[in-house]
Amino acid sequence: MNKSELKNIAEGLIETFNFAGIESINLYNQGLKIETKPDNSPVSNGDLRCNELITKKILELTPNIPIVSEETVDLKIKNNHKIFWLIDPIDGTKEYIAGKDEYTLNAALVINKVPSIGLVGAPKKKKLFYSYGLGDSYVIENNKKIRNSCLKKNANDEIVALSSSSHPSEEIMKILKKYSVTSVVKMASSYKFCVIANGEFDIYAAKERAHEWDYAAGHAVAEHAGAIIKTIEGGSYDYGKEDYKNHSILMRRAQNLND
């Protein structure tokens, strides 16, 4: 699949992502219907509606490519796809249910272990991030398309890390100290990838957690903007594992976080 085809597919999903984002807000305002999944995590009718809309459009654009969604996947079946979609219709469901603004809508096209397309919608922030290749990572805000470049937005002597937890583990803090991190900010969902892609934050590290659909779309957006994404051990960050489980992750805005 060439870059022109990837571009057309990614841009073909923008309208659907915008509509799904509006639907997620409308359903929240109407009062969400919430159920508990077998793993004891919550799912709402907002998650399911976004999944329905995004899946339908992807099937129209790429009818021959398999779709793996958090809301429909059977984890007892091993993944053996080389080319497939990963969807997390709402990442940060707990934040969504609580009325917070960090939840995201996510879709990524994985080709030979690499997320080649990524879309991350942040409806309450009125932003949509998307990418389809190195140097082609964008955010749409106020009807303007801006290229993401990972250029540092905070002061050169400030290195700000992101964490999924209010209290990162001792192991993670040791890693962050190696990069002279000056402060740590808690942030939910794949929005972490987006604010590294646009240079607002510098680094994110986490041990093995969550599943591939939680990371893939944001990974594409950040890496295509110039971010460096590896495992904590320094290995390549691949997708398409049989059990969909994530590696540990170390994401940096740039090689030198002071620049």
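1. Cys 194 is buried, with a relative accessible area of 0%. I'd start here, keeping in mind that this is a predicted model. Cys 150 is buried too, at a relative accessible area of 4%. Searching the whole structure for disulfides gives zero.

2. Next, the seven-stranded sheet. This sheet is open, with mixed pairing, and its strands come in the order β3-β4-β5-β6-β7-β8-β9. At the edges sit β3 (67–69) and β9 (144–147), each of which pairs on one side only. From one strand to the next, the twist averages 20°. Within the sheet, β4 and β5 run antiparallel and are joined by seven bridges.

3. Helix α1 (residues 3–12) packs on it and touches β4, β5, β6, β7 (127–133), β8 (136–141) and β9. The direction of α1 makes about 160° with that of β7. Helix α3 (residues 45–61) also packs on the sheet, touching β3, β4 and β5, and its direction makes about 150° with that of β4.

4. Now the five-stranded sheet. This one is open as well, again with mixed pairing, in the order β11-β10-β12-β14-β13. Its edge strands are β11 (183–186) and β13 (228–230), each pairing on one side only. Ignoring direction, neighbouring strands here are turned by 20° against each other on average. At the β13 end, β13 pairs with β14 (residues 249–252) in the antiparallel sense over three bridges. There, Lys 230 stands opposite Leu 250 in β14.

5. Helices on the five-stranded sheet. Helix α5 (residues 170–178) lies across β10 (160–163), β11, β12 (203–206) and β14, and runs at about 150° to β12. Helix α7 (residues 212–224) packs on the sheet through contacts with β12, β13 and β14. The direction of α7 makes about 140° with that of β13.

6. Which residues of α5 are buried? They are Ile 172, Ile 175 and Leu 176. These three cover an arc of only 100° around the axis, so they sit on the same side of α5. As a reminder, an α-helix has 3.6 residues a turn, so residues three or four places apart point the same way. The buried residues of α5 pack against β10, β11, β12 and β14. On the other side of α5, the exposed residues are Glu 170, Lys 174, Lys 177 and Lys 178. Just after the helix, Ser 180 takes a positive phi of about 55°.

7. On to the nonpolar cores. The largest has 36 residues, and Leu 86, Tyr 204, Tyr 215 and Ile 249 have the most contacts inside it. Elements giving two or more residues to this core are β4 (83–91), β5 (104–111), β6 (114–122), β10, α6 (191–197), β12, α7 and β14. Setting aside residues up to four places away in sequence, Leu 86 touches Val 68, Asn 106, Ala 107, Ala 108, Val 110, Glu 212, Trp 213, Ala 216, Tyr 239 and Tyr 244. A second, separate core has 29 residues, including Phe 17, Ile 87, Tyr 96 and Tyr 130.

8. Finally, two asparagines with backbone angles I'd check by eye. Asn 40 has a phi near 75°, positive in a residue other than glycine. Where is Asn 40? In the loop between β1 (34–36) and β2 (42–44). Asn 40 is exposed, with a relative accessible area of 66%. Asn 112 has a positive phi of about 50° although it is not a glycine. Asn 112 is in the loop between β5 and β6, and at 53% relative accessibility it counts as exposed.

Notes: Residues are numbered from 1 along each chain as its sequence is written. This is a predicted model: local features need pLDDT of at least 70, side-chain atom pairs count only at pLDDT 80 or more; totals for chains, interfaces and linings use all residues. Side-chain values use heavy atoms; hydrogens and water are left out. Two strands pair if DSSP finds at least two bridges between them. Helices (H or I, at least four residues) and strands (E, at least two) are DSSP runs, numbered from the N terminus. Axes are lines fitted to C-alpha atoms, for helices over the stretch in contact, and angles run from 0 to 180 degrees between N-to-C directions. Contact means heavy atoms within 4.5 Å. A nonpolar core is a set of buried Ala, Val, Leu, Ile, Met, Phe, Trp, Tyr and Cys residues joined through side-chain atoms within 4.5 Å. Buried means under 20% relative accessible area, exposed over 50%, partly exposed in between (1.4 Å probe, protein chains only). The arc is that of the directions from the helix axis to the C-beta atoms. A disulfide is a pair of cysteine sulfur atoms within 2.5 Å.
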